[in-house]
Amino acid sequence: MADLSQKLKRKSRKSSSTSSEEDNRPSEDKRSKFDLSEEDCGIDEVHSILEMAEDVLPKLEIVLKKLEAMETKLDNLEGYVKNVDAKVSALTMKVETLEVTTRNAMKSIEELDRGLAFLNNEVEELRKLEKDCTALRQEVLYMGVYQRRENLRFYGIEEDREGAEDTRQVLIDFLQSELGIEDASDIEFQRVHTIGPFNQQASKPRQIIARFLRYPDRERVMSNARILKGKHFGISADLPKEIVDRRKKLLPKFFAAKKAGKAAYFRRAEPDKLFIDGRLFST
């Protein structure tokens, strides 16, 4: 292509140098010249096209390189898009799984709430039942106190070494000798018995429980119990063990109030309740 361009340029220079000579030629020669100029014009046009092609080719090469680079980038972009699509798909699956898990969790929470509500109701019922049982237990204790109202307990009365003596007669002798009740033999008892089996090795005599037939006799014996102060004998009401344990906790307050000159007493119907100067003492 470069050789053709050089030839065309030389022809162009020759045509320009002989142009003056051709003007002096006859008209026939001019016509032939005109015909030749048309041929030269086509050559010039080809020359122009070739020059344009020489200018365009480097640019085309640049464009081609850019297109190749763009194609590479498009390939990379396609790979990136595929990677993004894969990640989006994975994320979508995780979101769907999370939604299912959340729905299941919500159902579990609702079931748990219903279970807790049921348990709360059960707990409330149990609390009410506990209160009722506590009140019933207290009522049963006080009924036991009432049923034992004719009873007295005697402490420190010696037994014979065999433990075969008549407990009723032992008690009558005690009432006469220690309490000064001369007509003790006239007192009628429903029952008189010792607590527990006889044990010669025991450090203390067994307690005696006496159930009086008539309540006034029981009260007369109890009122004489102050005579025993300072001796190793003792007399007390026959109370359930739970009531006795409750009273033991209140005895220090009872004696302290007595020492301070206050009116302190345990209510007979509710012997586990201490009153000081007419007011219920609460721990």
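In what order do the elements of the chain run from the N terminus on? They run α-α-α-β-α-β-β-α-β-α-β-β-β. The legends below describe close-up views of this predicted model.

**Figure 1. Overview of the chain and its elements.** The chain holds six helices and seven strands. Of its 283 residues, 21% are buried. Among contacts with a separation of 6 or more, 60% are made by residues 24 or more positions apart.

**Figure 2. Strand β3 and the two strands that pair with it.** Strand β3 covers residues 208-212, and four of its five residues are buried. Strand β1, residues 151-155, runs antiparallel to β3 and is joined to it by four bridges. In this pairing, Leu 152 stands opposite Ala 210 of β3. Strand β2, residues 189-194, also pairs with β3 in the antiparallel sense, over five bridges. Here Arg 191 stands opposite Arg 211 of β3. In a regular strand, side chains alternate between the two faces of the sheet.

**Figure 3. Helix α4 and the elements that cover it.** Helix α4 spans residues 167-178, twelve residues in all. From its first C-alpha to its last it reaches 16 Å, close to the 16 Å expected at 1.5 Å a residue. Its buried residues are Thr 167, Val 170, Leu 171, Ile 172, Phe 174 and Leu 175. An α-helix has 3.6 residues a turn, so residues three or four places apart point the same way. The cover over the buried residues of α4 includes strands β1, β2, β3 and β4 (234-237), together with helix α5.

**Figure 4. The two ends of helix α4.** At the start of α4, a side-chain oxygen of Asp 166 comes to within 3.1 Å of the backbone nitrogen of Arg 168. Just after α4, Gly 180 has a positive phi of about 75°.

**Figure 5. Aromatic pairs and a cluster.** The count of aromatic pairs comes to six. The ring centres of Phe 189 and Phe 212 are 5.0 Å apart and their planes stand at 50°, so this pair is tilted. Phe 189 belongs to strand β2 and Phe 212 to strand β3, so the pair ties together parts that are 23 residues apart in sequence. Both Phe 189 and Phe 212 are buried. For Phe 254 and Phe 255, the ring centres are 5.3 Å apart and the planes stand at 70°, so the pair is edge-to-face.

**Figure 6. Asp 217 in helix α5.** Asp 217 lies in helix α5, residues 215-223. Apart from its neighbours within four places in sequence, Asp 217 is in contact with Ile 187, Glu 188 and Phe 212.

**Figure 7. Arginine side chains over aromatic rings.** The charged end of Arg 149 sits over the ring of Tyr 146, at 3.8 Å from the ring centre. The charged end of Arg 247 sits over the ring of Phe 266, at 4.2 Å from the ring centre.

Notes: Residues are numbered from 1 along each chain as its sequence is written. This is a predicted model: local features need pLDDT of at least 70, side-chain atom pairs count only at pLDDT 80 or more; totals for chains, interfaces and linings use all residues. Side-chain values use heavy atoms; hydrogens and water are left out. Buried means under 20% relative accessible area, exposed over 50%, partly exposed in between (1.4 Å probe, protein chains only). Two strands pair if DSSP finds at least two bridges between them. Contact means heavy atoms within 4.5 Å. Rings of Phe, Tyr and Trp (its six-membered ring) pair if their centres lie within 6.5 Å; planes under 30 degrees apart count as stacked, over 60 as edge-to-face and the rest as tilted. A charge sits over a ring if NZ of Lys or CZ of Arg is within 6 Å of the ring centre and within 35 degrees of the ring normal. The expected span of a helix is 1.5 Å times one less than its number of residues. A polar contact is a pair of N or O atoms within 3.5 Å; within protein, one must be able to donate a hydrogen and the other to accept it, and residues adjacent in sequence count only if both atoms are side-chain atoms.
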